[in-house]
Amino acid sequence: MTRRKLVMGQRSQEEGNSCTMWELPTHWTAAQALAVFEVLDDLRDLVVAGYAKKIQQAARLDRTVTTPSLPANIDNGDVPF
């Protein structure tokens with residue numbers, strides 16, 4: 001049986017630097033692949049229905065910049081407007 005490896009995104013630093021590995025069978029028929037896709041799609045809908053607000057909050061926190069920004073040092077006399 002042949003499998004194709006799919007490397008998922010990097011884990012956060014507290015989880016370590018390893019990647020998650022998934023192995024997908026390459027012998028599935030189109031109907032089998034569609035069935036798996038539909039199950040995963042339905043599962044995604046259920047997760048979003050139950051956890052949408054928490055997922056949004058976690059995503060927002062994950063994308064928040066925690067380092068202070070540096071001043072732009074723009075010369076106001078050089079601004080064209």
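The model is a predicted one.

The protein chain contains two strands and one helix. Read from the N terminus, the order of these elements is β-β-α. The helix, H1, covers residues 30-62. Strand E2 spans 19-25, and a loop lies between this strand and H1.

The chain has 81 residues, and buried residues make up 1% of them. A residue counts as buried when its relative accessible area is under 20%. Among contacts with a separation of 6 or more, 9% link residues 24 or more positions apart. The accessible surface of the chain is about 7,900 Å². Carbon and sulfur atoms account for 57% of that surface.

Part of the surface is a nonpolar patch of about 860 Å². Its members are Leu 24, Trp 28, Val 36, Leu 40, Leu 43, Leu 46, Val 47, Val 48, Tyr 51 and Ile 55. H1 supplies the largest share of this patch, with eight residues. Trp 28, also a member of the patch, sits in the loop between E2 and H1. The relative accessible area of Trp 28 is 33%, so this residue is classed as partly exposed. Patch residues need over 30% relative accessible area, and Trp 28, at 33%, is therefore above that cut-off.

The other patch is negative and consists of Glu 38, Asp 41, Asp 42 and Asp 45.

Methods
Residues numbered from 1 in each chain as written. Predicted model: local features only at pLDDT ≥ 70, side-chain atom pairs only at ≥ 80, totals over all residues. Heavy atoms only, no water. Patch = residues over 30% accessible without salt bridge, like charges linked within 9 Å, V, L, I, M, F, W, Y side chains within 5 Å. Areas by Shrake-Rupley, 256 points an atom, 1.4 Å probe, with all protein chains shown as cover. Salt bridge = Lys/Arg side-chain N within 4 Å of Asp/Glu carboxyl O. Lys, Arg positive; Asp, Glu negative; His and termini not counted. Charge placed at Lys NZ, Arg CZ, Asp CG, Glu CD. Helix = DSSP H or I, 4+ residues; strand = E, 2+ residues; numbered from the N terminus. Buried < 20%, exposed > 50% of the residue type's maximum accessible area, 1.4 Å probe, protein only. Contact = heavy atoms within 4.5 Å.
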